[in-house]
Amino acid sequence: MIRAGIIGCGSIARQRHAHEYQLNPNAEIAGVYDLNPDRAGEMAGLFGCRVYATPEELFADPGVNAVSICAANAFHAKLTIDALNAGKHVLCEKPMATTLADCEAMVAAAKANGRRLLIDQNQRIAPAHRRAKQLLDSGALGRVITFRSVFGHKGPEMWSIDKSANTWFFKKNAAAFGSMADLGIHKIDLMRYLVGGRIVSVYSDMAVLDKKFSDGTPIEVDDNSVEVFRFDNGAMGTVTTSWTHYGEECNSSVLYCEKGILKLYDDPDYSLKIVYADGRHEDLALDRLQTNDDAQQASSGVIDLFVDAVERDVPSVLDAEDVLESMRVVFACLRSAEEGKKILL
């Protein structure tokens, strides 16, 4: 049985982690911690668990064997490493950490302590993405030649628990990144997962185009970005991120292959559309990706994978060691935007 502690009691903790722990018969929520004790108390009341006074108290509890890290980006590395050193298995929210050195230290701590570390890259396990991976691995569509992937919504201030323009997502010291790493890490990681091979070069352009703090000053991190990637297997394509899609969320990818086209969550009715080179079509309504506008979040499957990985000690598609490679690409994107040039990995 997994007895999980949750650190951070914002929207992602309530609507995803805690909700999914409750749905898993092999897991229960031991307790929660948040910098805001009122927020922690409210969440504890909702999910029938205790409140810890400090992260250290949570880590010291021998009845807790796993921890979900749902705090601001800047705290991911320290909290994860402290939890691992205390003998806990860890599921950490994305993006993994705010420096590459911290990401590497997290993986090293998991190995040193013999504990599992998974990162919540939930798009890898979305049904249409899994089916696309099977198709691509089978060779039915040949190799990927080009791709485009877009993730945009109306902004984290609409999703965060206090619905404020002063959200930590907009502050450099807490978030470190903007839309590129908040949303782009999903699509960068997904393209690595689907295309296969290694990303060998990136070019990134990031900007603050619209978002402002409540006093009218521009936010401190990008609200839009465009990235161009090349893979060592010859594939190339783009990832576009935005916090300014005010009409509706876009969370789609299209892969153009030798023998046809894969359209993923690009149609409101069909999550996977296959257009073969000979003109045949397959339209599959496998599921619908969760959006930040959903009042009730369906299960993403992440907690189920985490519980299974810990209990059976089996490899997971969400293992941090592989996600670390996606974070290397994220930091290359940051460098590209800062220096205004293509970066070779």
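Helices, counted with at least four residues, and strands, with at least two, are DSSP runs numbered from the N terminus. The model used in these exercises is predicted.

**Exercise 1. The chain as a whole**

State how many helices and strands there are in the chain, and compare its radius of gyration with the globule rule.

Solution. 
Step 1. The chain holds eleven helices and 15 strands.
Step 2. Its radius of gyration is 20 Å, and the globule rule gives 20 Å for 345 residues, so the chain is as compact as a globular protein of that length.
Step 3. The C-alpha trace spans about 60 × 50 × 40 Å along the principal axes of the chain.

**Exercise 2. Burial and contacts**

Find what share of the residues is buried and what share of the contacts with a separation of 6 or more joins residues 24 or more positions apart.

Solution. 
Step 1. Buried means under 20% relative accessible area.
Step 2. Of the 345 residues in the chain, 56% are buried.
Step 3. Among contacts with a separation of 6 or more, 69% are between residues 24 or more positions apart.

**Exercise 3. The setting of P95**

Locate P95, decide whether P95 is buried or exposed, and list the residues that P95 touches beyond four places in sequence.

Solution. 
Step 1. P95 sits in the loop that runs between strand 5 (89–92) and helix 5 (100–113).
Step 2. The relative accessible area of P95 is 0%, so P95 is buried.
Step 3. Leaving out residues up to four places away in sequence, P95 touches N73, H76, F177, A181 and M327.

Terms used. Residues numbered from 1 in each chain as written. Predicted model: local features only at pLDDT ≥ 70, side-chain atom pairs only at ≥ 80, totals over all residues. Heavy atoms only, no water. Buried < 20%, exposed > 50% of the residue type's maximum accessible area, 1.4 Å probe, protein only. Contact = heavy atoms within 4.5 Å. Rg over C-alpha atoms; globule rule 2.2 N^0.38 Å.
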